[in-house]
Amino acid sequence: MARRRERRGEPSRDRPKERVGPATREEKLNDSDASERKLIGIFILFFIIIPAVSVIVYVYKYGSGTKRLEPVITERGPIKTDINFQEILTENTNVAGNESQRNYDYPVLAYITPWNSKGYEMAKRFNSKFTHLSPVWYDLKSHGNSLILEGRHNADKGWISELRMRGNALILPRIVLEAFPTELLKKKKQMDKAIDLMVTECKEMEYDGIVLESWSRWAAYGVLHNPDLRNMALKFIKQLGHALHSVTSTRNPKQQLQLVYVVGPPHSDALQQHDFGPADLQSLSGSVDGFSLMTYDFSGPNNPGPNAPLNWIRFTLRLLLGSTGNNAQRLAPKIFLGINFYGNDFILSEGSGGAGAILGRDYLSLLEKHRPQLQWEKNSGEHFFVYFDDNNVRHVVFYPSLMSIYMRLEEARFWGTSISIWEIGQGLDYFFNLL
């Protein structure tokens, strides 16, 4: 999952080449309106009838009849479903002097990637909006019979100092655990070494803790299918959490170093061995300060559609937390519900396929060039539009809007969770008005 998420920050490397579809330009000019309406109809129907991706199934099976809270943001303005491209082009840079005021009181974790410099600027500009900042800097790797922690060359101490002068957000760099898992988990010496490397880096660089990503890699290696190795994996996370909690922050002696752990959403209510489920959440809750839940990347090139359907998010939270009770109330604040600030541009033409991640600047370019009609897909709670590229190839684009983000922020408030954003350099400036 980590590799996939990293590519979100480098869309130019991953964008599929444009391909020539069966339609000619003359056919496009004559029939584009009718074909686009037909395509949209087929496209929406596709999501309703296929069980694997149907958000309607989630509504029926997992929808909540609970009364929703009154919204925090009452001055809605451009937060609406019936938006047009010109409104976005005109308003997207308008932050209305709202660079420091927070609309929600729950924790907000923001990721920043070194290959997208805008994220560094957004972290400084909207510093007061965030409680946790996680620059994607480190990898812990096997090196012969030993281990090494790579990434200190990415660390920008000047940027960190500037952040700390402007606000109080905790700095927790992300570390991806790439070391061979069987060696790491089976050998106590290796496990202790890995923990020591991460804790020592926090001390020397004066971090407030770390965000660790390892679950998806352990799943890929088959570690989580082995009950013994799976238990060792959970033990490792607990030991790391305890080791970090035994160290106090250099900035605040009353605060322990923190551990936020990255997890993917379960694929269904029939949990598999490799899924991170409610029992794992319960088991680790005493050792982990937060869980960064990757509730995005729902759709892909072979299954184009929404990035993070709202009812899928609800299903995931209900599966992990249950619907009510003290346990859900206790654990919910530890979940950093994932919100994507990137979008996807899918190829739809027959015989073609593919997708490319798009950032805010790519989205604005598409709006300016194609002047599309934006559609609201109510089941997923996302906006999308269809366009033809220069080679007459049909595309569908899903990218966050003020309304889609607003609905997810309200969902987090309803459940009592925190939120995490992947990643803040990929969005439009006015997204931050909502936080």
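First, the ground rules. The model is predicted, so local features need pLDDT of at least 70 and side-chain atom pairs count only at pLDDT 80 or more, while totals for chains, interfaces and linings use all residues. Residues are numbered from 1 along each chain as its sequence is written, and side-chain values use heavy atoms, with hydrogens and water left out.

Now the overall make-up. The protein chain has 16 helices and 15 strands. Helices (H or I, at least four residues) and strands (E, at least two) are DSSP runs, numbered from the N terminus. Of the 435 residues, 57% count as buried. Buried means under 20% relative accessible area, exposed over 50%, and partly exposed in between, with a 1.4 Å probe and protein chains only. A contact means heavy atoms within 4.5 Å. Among contacts in the protein chain with a separation of 6 or more, residues 24 or more positions apart account for 77%.

Next, the cores. A nonpolar core is a set of buried Ala, Val, Leu, Ile, Met, Phe, Trp, Tyr and Cys residues joined through side-chain atoms within 4.5 Å. The largest one has 108 residues, and those with the most contacts inside it are L212, W218, F236 and Y363. A second, separate core has 13 residues, including V136, L170, L172 and Y342.

What does L212 touch, leaving out residues up to four places away in sequence? The list is I175, L177, M198, F236, L240, L259, V260, Y261 and V262.

Strand 6 has partners. Two strands pair if DSSP finds at least two bridges between them. Strand 5, residues 174-177, pairs with strand 6 in the parallel sense over 3 bridges, and R174 stands opposite V211. Strand 7, residues 258-263, also pairs with strand 6 in the parallel sense, over 4 bridges. There, L259 is the bridge partner of I210.

Strands 2 and 3 give another picture. H143 stands opposite S146 in strand 3. The hairpin has 2 residues between the strands, and G144 takes a positive phi near 65°. Strand 3, residues 146-150, has a covered face made of L147 and L149, and an uncovered one made of S146, I148 and E150.

Helix 9, residues 188-205, contains Q190. Is Q190 buried or exposed? Q190 counts as buried, because its relative accessibility is 12%. Leaving out residues up to four places away in sequence, Q190 touches N145, S146, L147, E183 and L184.

In helix 6, residues 118-125, the buried residues are G119, Y120, M122, A123 and K124. What covers them includes strand 1 (108-112), strand 2 and helix 7 (157-166).

Two residues have a positive phi without being glycine. One is R371, at about 45°, in the loop between helix 15 (360-370) and strand 12 (375-377). R371 is exposed, with a relative accessible area of 56%. Another is N392, at about 65°, in the loop between strand 13 (382-388) and strand 14 (394-398). N392 counts as buried, at 6% relative accessibility.

A cavity is a set of points, on a 1 Å grid over the protein atoms alone, where a 1.4 Å probe fits but cannot get out; lining residues have an atom within 4 Å of a point. Grid points are joined across faces, edges and corners, and a volume is the space filled by probe spheres set on the points.

How many cavities of 30 Å³ or more are there? The count is 1. The largest cavity has a volume of about 70 Å³. Its lining is N307, I339, N340, E382, Y399, P400, S404, I405 and R408. Strand 9 (335-340) and helix 16 (402-415) each supply at least two residues of that lining, and helix 16 gives the most, with 3 residues. By class, the lining of the largest cavity has 4 nonpolar, 3 polar and 2 charged residues. Ala, Val, Leu, Ile, Met, Phe, Trp, Tyr, Cys and Pro count as nonpolar, Asp, Glu, Lys and Arg as charged, and the others, Gly among them, as polar.

Methods:
On a 1 Å grid over the protein atoms alone, a cavity is a set of points where a 1.4 Å probe fits but cannot get out, and a pocket is an open set with protein on both sides within 12 Å along at least five of seven lines; lining residues have an atom within 4 Å of a point.
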